[in-house]
4 protein chains.
Amino acid sequence: MFYHKEYIRPRYEETDQMGVIYHGNYITWFEQARSGFFRELGYSYKRLEDEGYWIPVIEVGCKYFAPAKYDEEVYVKTSIAAHSGVRIELKYQVYDVETDTLLVEGFTKHATTDKNLRPISLKKKAPELYKLVITCFENE
Amino acid sequence: MFYHKEYIRPRYEETDQMGVIYHGNYITWFEQARSGFFRELGYSYKRLEDEGYWIPVIEVGCKYFAPAKYDEEVYVKTSIAAHSGVRIELKYQVYDVETDTLLVEGFTKHATTDKNLRPISLKKKAPELYKLVITCFENE
Amino acid sequence: MFYHKEYIRPRYEETDQMGVIYHGNYITWFEQARSGFFRELGYSYKRLEDEGYWIPVIEVGCKYFAPAKYDEEVYVKTSIAAHSGVRIELKYQVYDVETDTLLVEGFTKHATTDKNLRPISLKKKAPELYKLVITCFENE
Amino acid sequence: MFYHKEYIRPRYEETDQMGVIYHGNYITWFEQARSGFFRELGYSYKRLEDEGYWIPVIEVGCKYFAPAKYDEEVYVKTSIAAHSGVRIELKYQVYDVETDTLLVEGFTKHATTDKNLRPISLKKKAPELYKLVITCFENE
């Protein structure tokens, strides 16, 4: 299974008054990790958009085991968890760099659409990306 | 079932380049709605923290049906979805004010802890809040 | 001088680990206040964009006297500080609702452009808005 | 003059519906750059806080020349612009990595305080940091 590691150093802005990273910010980290994932694949999110496709998030989930903290670097391990012709699901695991502890785990499910948010078949419309997704998923 | 309606007017800052509200921001709206929920109950989040308790989020989930847009007011309908002595689950539904369409639905699960993030029994340590939670859940 | 008061209840997400509202978030509050200002004028930001105009921020400044805190409501007093045919400057003052203390003061300067970010004369292209701006500025 | 370069890849979350990075987010980038600046100096922000000091922002300013865009990497050149025993001013310049164009320029002014936000003399209380600040400022 292909996976990407995205390194993130938590910002002060991302903390809250509990002294840890605000729980909502991991969703943004997932997005940054997803961008990195597709960039490493050679098919950047930006390129996807330039070609007229969007992969909007239709569901997100996140479990919190331990909090990330300001300035203590983490990495987000990202992989394809499932796919169909019109859906992609990615899985994210946030680890503390120093201790390699799993802090947070989550997923995003995506539709594949055109710029008017109408569903499209990735398989038909963006076959190159579709093949990459399959390859990521299957290769172990 | 007791519920609270929190009205929110989406900010420009909350949009993204798809021209809609960025998907991660609904988690923050849930938090604002949760604050409003407890405030309406007469037991503000702030009071909870002042008394030495925290109810950190341990899981969050969110499904997206239609996007909220800049400046188009929404309300978040919030209620207790489940509870035990040491856990609370809240449910959120984001509706467009003008059309009353359901845009987004989600939940948060919370542990009940002291300020060192050690689990506590809400039933024993904060019985007043515990009773409120039960009442919210049971009254129909 | 016409001014608008925008009421904001600080979110948990907006705090940082100093236990106060993160300094960068006031810029977003200015934006929300600006939206409210133009809405109260009867010329919403949204309408402006629908008509093909943008008023992008070209400069921002902010002075911090005392911190806003989670859940302690503030209002942002907003007015026109200066204007020309192609520039608008707004002024913001953030007050604590309970104590009426001035917490933060700032400004934004705006260009007036079309959707390709090319400068336009508000006076010529959007005379109705231009008149409103003058009226806000002059009436005392 | 010592300066630090902080590389940032703009997130989707940071865009707005104008299709560019939302103007308020540069303040957060300044913060990230400032953290990097002090880390490179060998005196991390975190260490400063651990030793009981804070350097809260008391003023911020920002001028926008051209917009940063999603996924197009920038760097923030950061240096000390001025200092006294109880004040530090930093200067930031955001450049596009590919074209080396200056996009945004800004500053932050900081008080030096203890954890109760009472002013302290950096010179007396944190002489090691004070010397570093002077050295950064003077060496050319």
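## Contact between chains C and A

In this predicted model, nine residues of chain C are in contact with nine residues of chain A. Contact here requires C-beta atoms, placed from the backbone, within 7 Å. The side of chain C that touches chain A has three nonpolar, four polar and two charged residues. Nonpolar covers Ala, Val, Leu, Ile, Met, Phe, Trp, Tyr, Cys and Pro; charged covers Asp, Glu, Lys and Arg; the others, Gly among them, are polar.

Residues are numbered from 1 along each chain as its sequence is written, with chains lettered from A and ligands numbered from 1 in the order in which they are written. Local features need pLDDT of at least 70 and side-chain atom pairs count only at pLDDT 80 or more, while totals for chains, interfaces and linings use all residues.

## Chains A and B: symmetry and interface

Chain B superposes on chain A by a rotation of 180 degrees with 0.0 Å of shift along the axis, at RMSD 0.0 Å. That is the relation of a two-fold axis. In chain B, the C-alpha of B:Gly61 is nearest the axis, at 2.1 Å. The superposition is by least squares on C-alpha atoms of residues with pLDDT of at least 70 in both copies.

The contact takes 15 residues from chain B and 15 from chain A. Two elements of chain B, α1 (25-41) and β3 (57-64), each give two or more residues to the side that touches chain A. β3(B) gives the most, with eight residues. By class, this side of chain B has eight nonpolar, four polar and three charged residues. Of the interface residues of chain B, 100% are also interface residues in chain A, so the copies meet through the same surface.

β3 (residues 57-64) of chain A pairs with β3(B) in the antiparallel sense over five bridges. A:Glu59 has B:Lys63 as its bridge partner. Pairing needs at least two DSSP bridges between the strands. Strands (E, at least two residues) and helices (H or I, at least four) are DSSP runs, numbered from the N terminus.

## The sheet of chains C and D

An open antiparallel sheet of 10 strands runs β1(C)-β4(C)-β5(C)-β6(C)-β3(C)-β3(D)-β6(D)-β5(D)-β4(D)-β1(D). β1 (4-8) of chain C and β1 (3-8) of chain D stand at the edges, each with a single partner strand, so one side of each has no neighbour in the sheet. Neighbouring strands are turned by 20 degrees against each other on average, direction ignored.

β1(D) and β4 (residues 74-83) of chain D run antiparallel, joined by six bridges. D:Lys5 stands opposite D:Lys77 in β4(D).

## Helices on the sheet

Helix α1 (residues 25-41) of chain C packs on the sheet, touching β1, β3, β4, β5 and β6 of chain C. Its direction makes about 130 degrees with that of β1(C). Helix α4 (residues 127-138) of chain D lies across β4 and β5 of chain D, at about 105 degrees to β4(D). Axes are lines fitted to C-alpha atoms, for helices over the stretch in contact; angles run from 0 to 180 degrees between N-to-C directions.

Technical notes
Two residues are in contact if their C-beta atoms, placed from the backbone, lie within 7 Å.
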